[in-house]
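Reader: I would like to go through a few features one by one. Please give the general idea, then the case at hand.

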Amino acid sequence: MPSRFAHYLNTNHLPSDEYTLAIRDAIRNGKKVLNDIDQETYEIEQRMEELRQELRSLAERREAQEREVDEYVAILQSQSPIKHVNDDILASVFLSVLDVVNDRNLKLSPKHPAVVISHVCQRWRELALSTKLLWRHLHIEIPAYHPGFPSPGHTWKGKLSKLAKMAEVWISRSYGCPLSVKVHEEPLMCRLADASVPECIDFHKLIEQICSSSPRWKDLDLKISPKWSPKTPTMCLLTILPQDTPALTKVKVDSSFPLKTSQLESPPNQKIFSGSALRSLEIGSLILTHDILRMPVIWSNLKHLVFEGYPATYAGSLYFDALQALALFKECHNLVTCYLAFQKEVTIPTDRAPIALRRLEELSLLPFAFHLPKGFATSLILPSLRTFKCITGPGKCLLRGHQESGLFEFFECFGSTLEDVTFCYTSLTYTALHRSLRLLPNVTSLQLDSPLYRTNIVETGRLITASLDTDTLMLLTPQFNAEGTAITRLPLCPSLEVLRFSGGGGGPSKDALVDFIAARRRVVDNQPTRRLREVQGNSITFSTTDLGQALRNRGVDTTVSSLWGRYRFS
């Protein structure tokens, strides 16, 4: 509604006294209306604030209720199978983790499986800390010292200090349990000042922590660095008295580089090897600079022995050979498994009395020139031998026929009892190889190796080195009657289930390999042969995909790994 004073607006006219009074009344009434509006606005804002408070209160109630619901849901979700597993079974699961993780992950560090498990939840932590066996691996890597780095000595000593503290924790948490101890010095260590290592308090403290647990040692794996002084604290581990290691059954000692004669304690001071409980001994190729039989070992107690020879760099004329092996066997008559590396050829006297190793089940030999000497096998009595490996060595090999081959002689003596055999076939003639295979009627796993380069084989006269060609493979393939229901000619190695072959000796054709696998997989009545389970050849020159398809076309189900040329069968 327009104002009755509108005609005075935007003009210079003066209102009369009567209009002036009326205008003043209008102003008073207008202000009163404004006050009323302000009051109503205030009251609405108050109500809005109250509503906002109510909204906030509802939001808080909802949040609290949502948390409560989530907690109830979590209770229901806690019905997962792992929550119902009792502590004994859960502890067994924890322990099984140690058996499947990489060995490097067992070294003392925050990433150790026991530490990771103990940080999952309160229940798991309590269980992990009470499961003593979970902390049984005392694996320590002594860090490298690198001169020239910022504060190298301080950083190195700090790492040793942390290792000493962790070792103390591990030893405490594994209280009463047998310990697996591994101490490896990193190979790239640089030489410290002469007095630095022996006087390093943190280093001594770490070794003292390890030595304090020696009554519980079950096995010791020591790898030392020749860059350090022979008086380094780590060497003290070799001088622990046998009465301080009553449970020690296995010792392994190796080095990153050849040791000098002065760096390893003399045999009488190698007390760690003299314990009566010792059953397994492994000596690396860069450790011993004296006759192995001078070690203070109770040889007749050993069941497992690995000796990789002497470090030729410092040993002078000291080499390990077949004659020394026989002398060692005479002392170790209770061996079950043995690995020896021969470093030179030697002639075996024919008038030697045979040595009986009646418990020996597995023998691995690394002859320097690929050949066992004649007379070695006839010097042994091995009624329990089941696994034999004659692994390719680094020397040049003179090709030999069966009459001159010590390997063939070995198969003549023990081939009928062998079940798992590995040997270098390219050091033999065709006749020697075929005759050797004929002497292995019970072998189930056969690995035929050859050197990477054929130049390692020295052919003499008319002798030609054997190869795993089509003709050789045919001798391993059974022949069937026209209906394919019966075997008419038994193959060599009729019990064969696994065949692996490698190297530069030539390989079979695809058709021959398909025939071999298909025939060995065929099922017939009164089957006189074992069914093939696996074939692996890393010298196959044709496509493994084509071979797999050819096998499937012959009705052979196979799982093919093209990377390694491996074929597995159900």
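Reader: In this predicted model, which residue meets E49 in a salt bridge, and how is such a contact read?

Author: A salt bridge is read from a side-chain nitrogen of Lys or Arg within 4 Å of a carboxyl oxygen of Asp or Glu. Here the side chain of E49 meets that of R56, with 3.3 Å from N to O. E49 is partly exposed at 28% relative accessible area, and R56 is partly exposed at 43%. The pair also belongs to a network of salt bridges that links E49, R52 and R56.

Reader: How many salt bridges does a search of the whole structure find?

Author: The search finds 16 salt bridges. Another of them joins E66 and R62, whose closest N and O atoms are 3.6 Å apart.

Reader: Where do E66 and R62 lie?

Author: Both are in helix α1, 4 residues apart, which is about one turn of the helix. E66 counts as partly exposed at 42% relative accessibility, whereas R62 is exposed at 57%.

Reader: What does the salt bridge between E345 and R400 tie together?

Author: The side chains of E345 and R400 meet at 3.2 Å, N to O. E345 lies in the loop between β7 (337-341) and β8 (355-356), and R400 in the loop between β12 (397-398) and α10 (406-414), so the pair ties together parts that are 55 residues apart in sequence. E345 is partly exposed, with a relative accessible area of 47%.

Reader: Next, surface patches. Which residues form the negative one?

Author: A patch takes residues with over 30% relative accessible area and no salt bridge. The negative patch consists of D36, D38, E40 and E43. D36 lies in helix α1 (residues 17-77) and is partly exposed at 42%. There is also a nonpolar surface patch of V33, L34 and I37, with about 270 Å² of accessible area together. I37 is placed in helix α1 and is partly exposed at 45% relative accessibility.

Reader: What is the phi of C493, and is the residue buried or exposed?

Author: C493 has a positive phi of about 55° although it is not a glycine. C493 is placed in the loop between β17 (487-489) and β18 (498-501). At 2% relative accessibility, C493 counts as buried.

How values were computed: Residues are numbered from 1 along each chain as its sequence is written. This is a predicted model: local features need pLDDT of at least 70, side-chain atom pairs count only at pLDDT 80 or more; totals for chains, interfaces and linings use all residues. Side-chain values use heavy atoms; hydrogens and water are left out. Patches are made of residues with over 30% relative accessible area and no salt bridge: like charges are joined within 9 Å, nonpolar side chains (Val, Leu, Ile, Met, Phe, Trp, Tyr) within 5 Å. Accessible areas come from the Shrake-Rupley method with a 1.4 Å probe; for residues, only the protein chains shown count as cover. Lys and Arg count as positive and Asp and Glu as negative; His and the chain ends are not counted. The place of a charge is taken as NZ of Lys, CZ of Arg, CG of Asp or CD of Glu. Helices (H or I, at least four residues) and strands (E, at least two) are DSSP runs, numbered from the N terminus. Buried means under 20% relative accessible area, exposed over 50%, partly exposed in between (1.4 Å probe, protein chains only).
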